[in-house]
Amino acid sequence: ANTEAIEVFEEVLKLTDTHQADTLYLGRLYRKMGDAYLGLGKLAEAKQYIVKAMATLGLPLPSSDLGLVGGVLKHVSRQTGHRLWPSRYLGKELDPKEEEIRLETVILTEKLAVVQFLNGDPNPLPMLFGVVAGLNIGETMKTTPETWSIYATMSAVADFIPLHSQGKYYKDRWFALGKTIDAPNAFVDGVLALCTVASGNGEWQEVKDLVEKASAICEELGDHRRNAEAVAYLCANTLMEGGPRLSEPYNKREWEIAMRRENPIHIAFAYQVDCSAAVWKGEYDECIANAKKCLALSEKSWVGEIPEYIVRSSMWLAQWSKGEREGVWDAVKAALDKFSKASAVDFSAHLIDAHLAETVFLALEDGKRNALPKAQMAEIEKYAQIAIKNIKKSSAIFSIGVPALNRFMGSLEWHHNKPEKAYQLWRAAAEKAHAFPMKYEEARAYLDLGRHLPKGNVERSTALEKAKALFSECGLDNWVAKAQVEG
């Protein structure tokens with residue numbers, strides 16, 4: 001349907017004098033083109049038409065970072081005015097045509113945020129500019145479902161900055177307005193925005209409740225794109241919460257939705273969980289085979305940077321673990337350098353950070369065991385530090401990274417012959433993982449603690465027993481066996 005829609009819209013555009021056409025008509029036409037490309041997973045084309053529509057309706061996206069910063073500051077100032085003097089700026093009666101233009105612009109800014117998020121764009125400025133500008137425009141009208149939805153997006157963007165108090169303010173506004181607005185479409189958009197941060201903070205049950213309701217709406221509407229995006233949260237969340245055993249039924253559901261339209265982005269969502277689960281389970285050949293399928297797909301169609309790198313990093317970890325190391329170290333170094341410069345805007349990038357760190361720390365152990373030359377060990381340790389910094393940076397926004405941060409910091413302290421510091425960090429990692437819960441991370445922390453404590457130590461045997469029980473719950477028999485050997 002989207003392919004046919006694009007063909008129709010292209011024919012309409014050929015017959016339209018864009019210099020003489022009504023701006024609202026032309027803006028809507030461009031937006032519908034963007035929607036169709038978004039439905040096909042063609043994000044570059046979707047963004048092109050969304051930005052063109054915004055400019056047509058009077059909200060051009062600045063082309064430089066300097067222009068974006070200026071635009072953001074201007075709209076933040078306006079938003080401050082809305083908060084301080086609501087009666088002066090909010091909920092005005094407008095000319096019907098002007099109201100239609102403003103409403104269309106709000107829709108477009110929401111679409112821009114979706115495209116920027118799916119693209120994994122490391123530059124947060126376009127998204128921030130669009131969302132703040134869209135919110136300001138939406139608030140000048142009587143409250144609409146579209147404005148209700150953009151409160152959720154604004155909440156997520158505020159948390160990315162991070163301005164958590166502002167994120168809570170807009171989130172509370174979204175929930176409060178939801179009691180008075182019955183708009184299923186806008187509800188789904190709001191859920192997709194809110195769950196980005198809620199997932200990154202391990203609010204598993206809240207996300208599950210919201211997503212299941214949104215998914216049911218999408219099924220009723222026949223909206224496969226947003227349904228796949230919603231269920232993808234459950235797949236990644238359950239993997240982190242309870243390991244492969246908990247995530248497996250959700251990822252089967254993701255595959256089923258993704259294959260309805262064979263959307264490459266949604267197929268990559270499914271592969272990222274399959275590959276991560278397989279490498280955790282020690283099924284290295286399966287991980288590598290699935291990763292290669294996904295990467296072959298990515299050569300034909302853009303699948304999003306974050307899913308692609310989750311798949312790549314899990315493949316590198318699998319290759320390193322089974323001894324197929326040619327080219328892996330250079331790839332891991334390049335990825336760590338790349339993500340050290342990126343902004344944290346997607347909670348699922350935690351899997352990239354964790355897979356890369358895991359590979360580096362395996363290299364560090366191997367290097368020490370094999371007495372590698374000083375220069376090689378210095379390079380490995382340098383990248384161990386970068387891996388930790390990357391996790392620390394994302395943990396400032398998404399708290400699910402904290403257990404892994406403590407675990408890898410403990411491993412580095414152990415490497416530096418500081419056992420007491422290592423023990424403290426591994427205990428902290430287990431405690432923080434338990435609080436979410438994140439059972440795989442908790443089990444890994446207990447395993448590291450247990451296997452490094454002296455034999456005969458009571459805490460050692462207790463930690464290893466906890467690790468075995470948690471690994472078993474996650475469906476990770478390979479890790480149960482590793483804990484058993486240490487006991």
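Begin by selecting Asn390, which you will find in helix 18, the run of residues 374-395, and keep in mind throughout that this is a predicted model. Asn390 counts as buried because its relative accessibility is 4%, where the cut-off for buried is under 20%.

Next, show what surrounds this residue. Leaving aside residues up to four places away in sequence, Asn390 touches Leu336, Phe339, Ser340 and Asp353. If you display the backbone of Leu336 as well, you can follow the side chain of Asn390 to the backbone oxygen of Leu336, at 3.3 Å.

Tyr309 belongs to helix 15 (residues 305-321) and Phe339 to helix 16 (residues 328-340), so the pair ties together parts that lie 30 residues apart in sequence. Both Tyr309 and Phe339 are buried.

Finish with two places where a charged residue lies over a ring. Select Arg83 and Tyr169, and you will see Arg83 over the face of Tyr169, at 3.7 Å from the ring centre. Then go to Trp479, where Lys482 lies over the face of the ring, at 3.9 Å from its centre.

Definitions and conventions. Residues numbered from 1 in each chain as written. Predicted model: local features only at pLDDT ≥ 70, side-chain atom pairs only at ≥ 80, totals over all residues. Heavy atoms only, no water. Helix = DSSP H or I, 4+ residues; strand = E, 2+ residues; numbered from the N terminus. Buried < 20%, exposed > 50% of the residue type's maximum accessible area, 1.4 Å probe, protein only. Polar contact = N/O pair within 3.5 Å; in protein donor to acceptor, adjacent residues only side chain to side chain. Contact = heavy atoms within 4.5 Å. Lys NZ or Arg CZ within 6 Å of the ring centre and 35° of its normal.
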